[in-house]
Amino acid sequence: MNEDHPMNDYVEGDPEDWVRIISVDGFTFLCKRKVANMSETIKNSLDEAGGFSEAGTRTYKSQERGIVVQKMIEYMSFKAHYSNVGPKEEIPVNEMMDRLPLEILLELMLAADYQEL
Amino acid sequence: MLVEHEPNGGHGNRRIQTLVQLCQRVAANHIESISSVGELSFTLVKPVLERCSAEQLLRIEDASPHLKSDSEELWRSLCRRTYPAMLERYDAETHAEPDSWRTQFFVLREAEAKRLEEVGLRIRSQRLEADERKKEREVKFTDRLPPPKRQRTGWNMPTQPKTLFQKTRSEASKLQKNMYHTRMIPPMLKGKDYRPTGNTSSDSLLPAMSTYSNRVTVKTVARRPSAAGLSEPSALPSKTSNPLPSKSTNPPSTFTAESRSLVSSSNGTLSISSKDPKNSQIPSSEIVSSYTKPFTVTKKDPMASLFVPKHRAHSQRAR
């Protein structure tokens with residue numbers, strides 16, 4: 001489908017690629033695709049096979065505020081990293097929980113629900 | 001086109017809770033800080049609300065009324081959690097579900113508070129009673145003297161003049177002690193209310209003394225027979241009362257003179273009994289017994305037995 005595009009050999013894109021996530025208040029976040037793919041919605045949106053226009057630009061426009069997007073990406077990194085550890089290793093979930101400030105908690109919960117995170 | 005491996009990672013995903021779940025957990029830990037859940041759907045906040053107390057739930061519901069329609073089961077589990085016993089009772093009586101578990105909860109709470117209050121009241125009163133009972137038994141400090149075992153006469157207080165009859169009676173009772181165990185002798189005469197206050201040292205002693213007013217207490221006392229024999233006056237057998245007021249002011253000398261004269265002639269001429277006065281014990285008993293009437297037992301003051309000396313010197317006998 002995108003054979004003419006020199007950079008993409010795969011439909012889904014290189015996981016090591018950098019993608020852009022933009023918050024509603026103008027902040028731009030760059031992260032690896034494999035991290036961004038932790039969120040189903042973002043993954044689908046960036047999925048070039050899905051036909052979304054964003055796929056070409058590798059940019060995702062979020063409806064959330066910057067702080068919230070940042071926390072989400074933080075979680076996505078956490079999840080991406082610990083998805084691949086061996087079964088014996090303990091996952092420091094409590095640490096992640098400690099990093100969730102109460103002030104944005106409910107907003108974050110709403111966003112996480114939408115993002116299928 | 002090769003499909004790359006799942007970028008979501010392998011099965012490690014299964015072990016990691018979603019961000020939603022993490023948020024719910026954190027929120028549940030900090031319910032107090034939550035004033036409202038805004039527009040969040042019930043399903044999202046349900047795990048948080050399940051861990052609320054009644055007040056918290058009420059507050060959040062008030063802030064986000066859309067939750068109220070779904071919160072019935074929350075209130076139901078709250079009821080069950082907080083008042084398990086009451087709920088069982090409730091179910092036993094009426095098998096219908098209450099219309100609103102929310103109101104039901106507060107009904108239960110009031111009932112519980114009332115019940116607790118009643119129980120508390122009962123316990124408190126029981127404790128007070130126990131305390132009182134304990135207080136009665138404990139050692140107390142008092143200024144009052146215990147009553148003497150016998151009626152004291154003339155040791156510290158001036159005696160009132162005694163009628164001859166009264167004297168005889170008291171003598172007889174004293175002698176009686178040697179014969180029998182302690183017992184009470186009923187009052188002899190009913191005509192006048194004798195208050196043998198001449199027999200008692202004072203009225204300031206324990207008011208229990210008033211119970212003795214009509215009775216002669218016969219107490220056992222070891223007495224030398226000779227002393228008893230000498231001292232026994234003849235008793236007047238008359239059953240009519242001497243018309244004496246209790247605080248009579250008749251000069252005592254008259255009586256003593258009388259009694260002495262009687263004593264001197266008592267040797268064979270005891271008008272009461274046929275027995276020789278030398279056998280002092282026996283006639284005294286008869287003397288007493290002739291006065292015996294059906295009697296009632298009065299309560300003895302438990303302190304009465306405390307301070308009585310066993311023997312009184314003969315010279316100290318009141319006259």
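Helices here are DSSP runs of H or I with at least four residues, strands are runs of E with at least two, and both are numbered from the N terminus. On that basis chain B reads α-α-α-α-α-α-α-α-β-β-α-α-α-α along its sequence, which comes to 12 helices and two strands. The model is a predicted one, with local features needing pLDDT of at least 70 and side-chain atom pairs counting only at pLDDT 80 or more, while totals for chains, interfaces and linings use all residues. Residues are numbered from 1 along each chain as its sequence is written, chains are lettered from A and ligands numbered from 1 in the order in which they are written, and side-chain values use heavy atoms, leaving out hydrogens and water.

Chain B has 319 residues, and 39% of them count as buried (under 20% relative accessible area with a 1.4 Å probe, protein chains only). Take the contacts in chain B (heavy atoms within 4.5 Å) with a separation of 6 or more: 77% of them link residues 24 or more positions apart.

Now for the meeting of the two chains. Here 31 residues of chain B touch 34 residues of chain A. Together the chains bury about 2,800 Å², with 72% of that on carbon and sulfur atoms; this is the accessible area (1.4 Å probe) lost when the two parts are put together, summed over both. On the chain B side, the elements giving two or more residues are α1 (12-15), α2 (19-29) and α3 (42-49). Helix α2(B) gives the most, with nine residues. By type, that side splits into 15 nonpolar, 12 polar and four charged residues, where nonpolar covers Ala, Val, Leu, Ile, Met, Phe, Trp, Tyr, Cys and Pro, charged covers Asp, Glu, Lys and Arg, and polar takes in the others, Gly among them.

The largest nonpolar core has 61 residues, and A:Ile21, A:Leu100, B:Leu19 and B:Leu49 touch the most other members. Such a core is a set of buried Ala, Val, Leu, Ile, Met, Phe, Trp, Tyr and Cys residues joined through side-chain atoms within 4.5 Å. Leaving aside neighbours within four places in sequence, A:Leu100 is in contact with residues including B:Leu19, B:Leu22, B:Cys23 and B:Val26.

B:Leu40 sits in the loop between α2 and α3 of chain B and counts as buried because its relative accessibility is 3%. Beyond its neighbours within four places in sequence, B:Leu40 contacts A:Leu106, A:Met109, A:Leu110, B:Val45, B:His66 and B:Leu67. B:Leu40 and B:His66 are 26 residues apart in sequence, with 9.4 Å between their C-alpha atoms.

How values were computed:
Buried < 20%, exposed > 50% of the residue type's maximum accessible area, 1.4 Å probe, protein only.
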